Amino acid sequence: MAEPVVRIPDTKVALSTASVYPEPTATAFEIAARLGYDGVEVMVWNDPVSQDIEALRRLSDYHGVPVLAVHAPCLLITQRVWSTDPWVKLQRARAAAEKLGATTVVVHPPFRWQRQYARDFVQGVWRMAHETDVRFAVENMYPWRYRDREMLAYAPDWDVTKDDYRHFTIDLSHASTARADALRMVDRMGDRLGHVHLADGNGSAKDEHLVPGRGGQPCAELLERLALSGFDGHVVIEVNTRRAMSGAEREADLAEALAFTRLHLGSAAKVPRP
């Protein structure tokens, strides 16, 4: 009888540059190289290096760490990064991905006050998706909560599975904050799940982005499911290390996250020995 062996999937594990905040983008490349990540996802934000394609290319070449994804500047603090026009932001994110060899652009649904953008968003993302081989993977968000109040800040919806997108990003920390069932959300995404932001959470109203395994989200189960399902996207570690007391502590957290991810992606599948 053939003995089961560990099957190593092809899924690449990347480090989000947001995971080293408040350290700069360059630090993420250094840590990714040192710890053995397969690449990085660049969060485009107020750090000028994150906005500079040539600077990113030099970092990638110097450290031998490819850029696998670009996160478009969709945060409140990046309203003026790469233009105030949200469509220009997406166009520039696509151009950056194409020039850097990244396969995915991560994008959030619009804020509700971006009315025209929100009205055209679903059709506009489809139109842009037809113009490139880069995936536009729309990310699940969450309601904003304060005490007993809840505000729906995103349109058409924070639950992106309610709309028709070509590709999705699942973020487990966002699912936790929304108090949504992440695995059911993944089921609804089906084969359009193109990208994963891996982080944990305990259902707090604040978006926690804990190291996988330190909260209540089904991080291990999701990874094992991906390993056995033929998932062809990337898994990105997007965790909060702002409370790290030192660079060594931050690096230890990111090493733990990588080890957890690779352990559960390398799930034991019964593959006959040759």
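Let me start at D181, which is partly exposed, with a relative accessible area of 41%. One thing to keep in mind while you look: this is a predicted model.

What does D181 pair with? Its salt-bridge partner is R184, and the closest N and O atoms are 3.7 Å apart. R184 is exposed, at a relative accessible area of 58%. There is also a network: R214, D253 and E256 are joined into one by salt bridges that share partners.

Next, K162 and D157. These two form a salt bridge, with 3.7 Å between the closest N and O atoms. Is each partner buried or exposed? K162 has a relative accessible area of 58%, so K162 is exposed. D157 has 17%, and because buried means under 20%, D157 counts as buried.

Now to R34 and E251. Their side chains meet in a salt bridge, 2.9 Å from N to O. Where do the two residues sit? R34 is in helix α1, residues 25-35, and E251 is in helix α8, residues 247-265, so this pair ties together parts that are 217 residues apart in sequence. R34 itself counts as exposed, at 54% relative accessibility; the cut-off for exposed is over 50%.

Last, the count. How many salt bridges are there in the whole structure? The search finds 13, and the pairs I went through include R34 with E251 and K162 with D157.

That is what I have.

Conventions. Residues are numbered from 1 along each chain as its sequence is written. This is a predicted model: local features need pLDDT of at least 70, side-chain atom pairs count only at pLDDT 80 or more; totals for chains, interfaces and linings use all residues. Side-chain values use heavy atoms; hydrogens and water are left out. A salt bridge is a side-chain nitrogen of Lys or Arg within 4 Å of a carboxyl oxygen of Asp or Glu. Helices (H or I, at least four residues) and strands (E, at least two) are DSSP runs, numbered from the N terminus. Buried means under 20% relative accessible area, exposed over 50%, partly exposed in between (1.4 Å probe, protein chains only).
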